[in-house]
Amino acid sequence: MPLIQEIDYGTPASSAATMVTLTIDGHEVTVPEGTSIMRAAMVAGIKVPKLCATDMLSAFGSCRLCLVEIEGRGGTPASCTTPVAPGMKVSTTTDRVRHIRRGVMELYLTDHPRDGFTSPVAGNSEFAEAAGLVGLREVRYGTDGVNHLDAKVDDSNPYFQFDPARCIVCSRCVRACEEVQGTFALTVEGRGFASKIVAGQDEPFLTSECVSCGACVQACPTGSLLEKTVVELGQPEHSVVTTCGYCGVGCNFKAEMQGDSVVRMVPWKDGKANHGHSCVKGRFAWGYATHPDRILKPMLRERITDPWREVSWDEAISRVAAEFRRIQAAHGRDTVGAITSSRCTDEETYLVQKLVRAGFGNNNIDTCARVCHSPTGYGLKTTLGTSAGTNDFDSVDQADVVMVIGANPTDGHPVFASRMKRRLREGAKLIVIDPRRIDLVRMPHVEAIYHLPIRPGTNVAVLSALAHVIVTEGLVNEAYVRERCEPDAFADWAAFVAEPRNSPEEVEKLSGVPATLIRDAARLYATGGRSAIYYGLGVTEHSQGSTAVIGLANLAMATGNIGFPGTGVNPLRGQNNVQGSCDMGSFPHELPAYRHISDPAVRAIYERVWGVTLDPEPGLRIPNMLDAAQDGSFRALYVQGEDIAQSDPDTHHVTAGLEAMEFVVVQDLFLNETANYAHVFLPGSTFLEKDGTFINAERRINLVRKAMAPKNGFADWEITQKIANALGLGWHYRHPSEIMDEIAATTPSFAGVSFAKLDELGSVQWPCNEQAPEGTPVMHVGHFVRGKGHFVVTEYIPTDERTGPRFPLLLTTGRILSQYNVGAQTRRTANSLWHEEDLLEIHPHDAEQRGIRDGDWVRLASRSGETSLRARITDRVAPGVVYTTFHHPDTQANVVTTDYSDWATNCPEYKVTAVQVTPTNGLSDWQREYREFAAQSRRVEVVPAK
Ligand code: SF4
Ligand code: SF4
Ligand code: FES
């Protein structure tokens, strides 16, 4: 069990290869060159008192508490800012330094609240510890003079407070905001006695630029910045290391607990994806786990117009099994299916696809990746040989050029964005390709060299134009291509991109991006050193999503930018376990690890272990299930942890499909929008309530550990096992580790994975097997997984979704930092303070033409449908483009998105919808009707469970 107070070495580790030996208090210690004396002392087990130093930040040397004496040198240098030297002899506890430290500490305490051990901060603050370490017994000065003790507490932020009376102006918070988070929201204002910490322009934290990542709170040694939950509940008494349940960055946290209540979530310094950093969601937005809206008892009803009735687990599970069997007997084996969850663990997802294949006897299994990164799987597998990102997050530290396309990392993947921003501050150059001026384009100390404000839907044309420049200007890495790629495919591709129609000048006409910008960006990407591509749903969610992913892989192969740190084609994957849900065989044509269901050798592995005969025919994808429901050939669906009625495109199509089904089972935390069409509701468990693994965007398999018992009684994998057993499958898993053992035994790229190894190493990146027992941070080293890299011609085919007189604007959608996906979790936390509703961003020119003012209600209409929301006027979007999020069911932005989709994977074209925007007075009729319907549908008849 990790310590509540982790070891703090005072200054960051040095990565120097040369080692230095010195003596501290008579102990010999050897550390890398560049290490501080303070850190070397900690390595030798000697704790030097400190206040302004922490190993998350570079040394600062302001508090003067860590002074030491060095033989042969005068004075008392600060151990945090003094590097070690060979043969150095250091004393940390001479009378002289003891005396100085006591004096310093005494002065701090004269202007500090004297609430001793009655304060929740006192028992656990570094400040209290430092006072103890220096041996301070009394404070000789009173509090009569001028001091800061009456300074007003800023409690504007919903999650933490700032008590200036406790502040010693060590500036750890300011430096954390700069160095770790990269937001620069805090400063030290004033000088000497008047100096103080201010947020923004000396304003409340809530209204400042602060993004509530919590880095300042974590850094604060005095409790001046402190979580409100600690103020309320007191200090935690034990902790459990687990993995964030929100996004694909996969941050590790210590869930710090009192009994089975979470007191706070503290980012874990040993977390290999986050290195001790966090964002507002993982750090603070966990209150949904105990929100009163959570459904904790199974419920069922005959018709979707009936109220829900609470029932026992036995009754609910029997009904589920009986209905699936009845429908299959009456209408055929292929009339039922399931959707796995990218929020659930690998083990849970594996079991759902096993249930479908072994229990239902078909391959009607799909997952939410269908609507986000399925083109990544297709595109990277086709070109490189594996359906996942190529590099680890740490790799960005070695990138010279970073290309961000169709992603908004500061909102969508904030902890990785902080890492990227740090690298950019160090001098790496940034290219952004995005229709919006995302924050990265220009923010404190970060500025894109080139921003290509692309017209939505023209990614493929722009990527071919970049390739055109690389090929026609002789910037191809010939040696790399010759050694590592298929020559014929390369020649075909090079001839294609060199055609004049792919020149930047021609593509400018389609994309709106000036040709010179395309040329400059291509030259920088090809010649700027190590170049890394990071991309998101702005690449994949298009009718040519797979083609664009292929285009990115082509660019990286042509310039030799795959197979090394600092390079690669790196998808920033959305949900916490979307990578894992894909890896675990959630697609209708693929068994785990992307092995095709038609392959008899692969089927044989599972047939032997599962004791069944598998159907070799691919099953239905989500959109096909919904279509088939309307023609009667698909009748029953088990949805675990997905809200397709809110998250999938063309809402009317989704809800019509769900409504047409005879039997829908929803397993979730809350009565979500999909549950409005369900007949059985099985309460799900949160990530805090179960063991298992999530896989993040860098293929990292992270352990999820149970911090509290499931409030609904069972983890999700146990519920799926109950259904399987009611269907007669005879499963006997006692713990998710046994499920992982089965995954390892049947999946070559997971062969070396076990819970014991994950416990030992913290995490591993697949492939993890005999060839790579500790995992694979960078893929395609030396050669591509598929053998030779495969270039593919990327013909640009414009989407059928076109603007015209009726729908003259292009809508594109995305995310915001504080909310998450359909908002089911974050809307049930104080994060809604930052984003209460979805807004439509519109350019001032387009707004003026339509007589729309900031904050006005507008009607957003497309060929698929219409919805109403409020407008935000901003030049972050280009003229002709509007943008919104889809976090709120009241807006249901997906009512307007169309059913156009990627040609290869059916991934919906969320990013391009032709729309019109007109002023209106409030919610539209269907929104009001839907509110009523949803309220009706959520009625629960209070009949006690049997
Ligand atoms: S708020 Fe905390 S971290 Fe910031 S300067 Fe004050 S004592 Fe230091
Ligand atoms: S970046 Fe993602 S994984 Fe990390 S804390 Fe935020 S939401 Fe969680
Ligand atoms: S810890 Fe070294 S000067 Fe503050």
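Okay, let's start at Thr76, which sits in the loop between β3 (69-70) and β4 (89-91). Helices here are DSSP runs of H or I with at least four residues, strands are E runs of at least two, and both are numbered from the N terminus. This is a predicted model, so local features need pLDDT of at least 70 and side-chain atom pairs count only at pLDDT 80 or more, while totals for chains, interfaces and linings use all residues. Residues are numbered from 1 along each chain as its sequence is written, chains are lettered from A and ligands numbered from 1 in the order in which they are written, and side-chain values use heavy atoms, with hydrogens and water left out.

Back to Thr76. Is Thr76 buried or exposed? Thr76 is buried, with a relative accessible area of 16%. Buried is under 20% relative accessible area, exposed is over 50%, and partly exposed is in between, using a 1.4 Å probe and protein chains only. Leaving out neighbours within four places in sequence, Thr76 is in contact (heavy atoms within 4.5 Å) with Arg64, Leu67, Val68, Glu69, Arg96, Val97 and Ile100.

Now the strands. β1 (residues 19-24) and β2 (residues 27-32) run antiparallel and are joined by six bridges; strands pair if DSSP finds at least two bridges between them. Leu22 has Val29 in β2 as its bridge partner. The two strands make a hairpin with two residues between them, and Asp25 in that turn has a positive phi of about 50 degrees. β1 also runs parallel to β4, with two bridges joining them; there, Thr23 is partnered with Lys89.

On to the rings. Phe, Tyr and Trp rings (for Trp, the six-membered one) pair if their centres lie within 6.5 Å; planes under 30 degrees apart are stacked, over 60 edge-to-face, the rest tilted. That rule gives 21 aromatic pairs. Take Phe160 and Phe205: they are edge-to-face, 5.4 Å centre to centre with 85 degrees between the planes. Phe160 is in strand β5 (residues 160-162) and Phe205 in the loop between β7 (196-199) and α5 (215-219), 45 residues apart. Both are buried.

Tyr350 and Trp610 are edge-to-face too, at 6.2 Å and 70 degrees. Tyr350 lies in helix α9 (residues 346-360) and Trp610 in helix α21 (residues 600-610), so this pair ties together parts 260 residues apart in sequence. Those two residues are both buried as well.

We also get charges over rings, meaning NZ of Lys or CZ of Arg within 6 Å of the ring centre and within 35 degrees of the ring normal. The charged end of Arg301 is over Trp308, 3.9 Å from the ring centre, and that of Arg484 is over Phe784, at 4.6 Å.

Val169, in the loop between β5 and α4 (172-181), has a phi near 55 degrees, a positive value in a residue other than glycine. Val169 counts as partly exposed, at 25% relative accessibility. Ser212, in the loop between β7 and α5, also has a positive phi, near 55 degrees, but Ser212 is buried at 2%.

And where is the cis peptide bond? It runs from Trp766 to Pro767, with omega near 0 degrees. Pro767 lies in the loop between β30 (763-765) and β31 (809-814).
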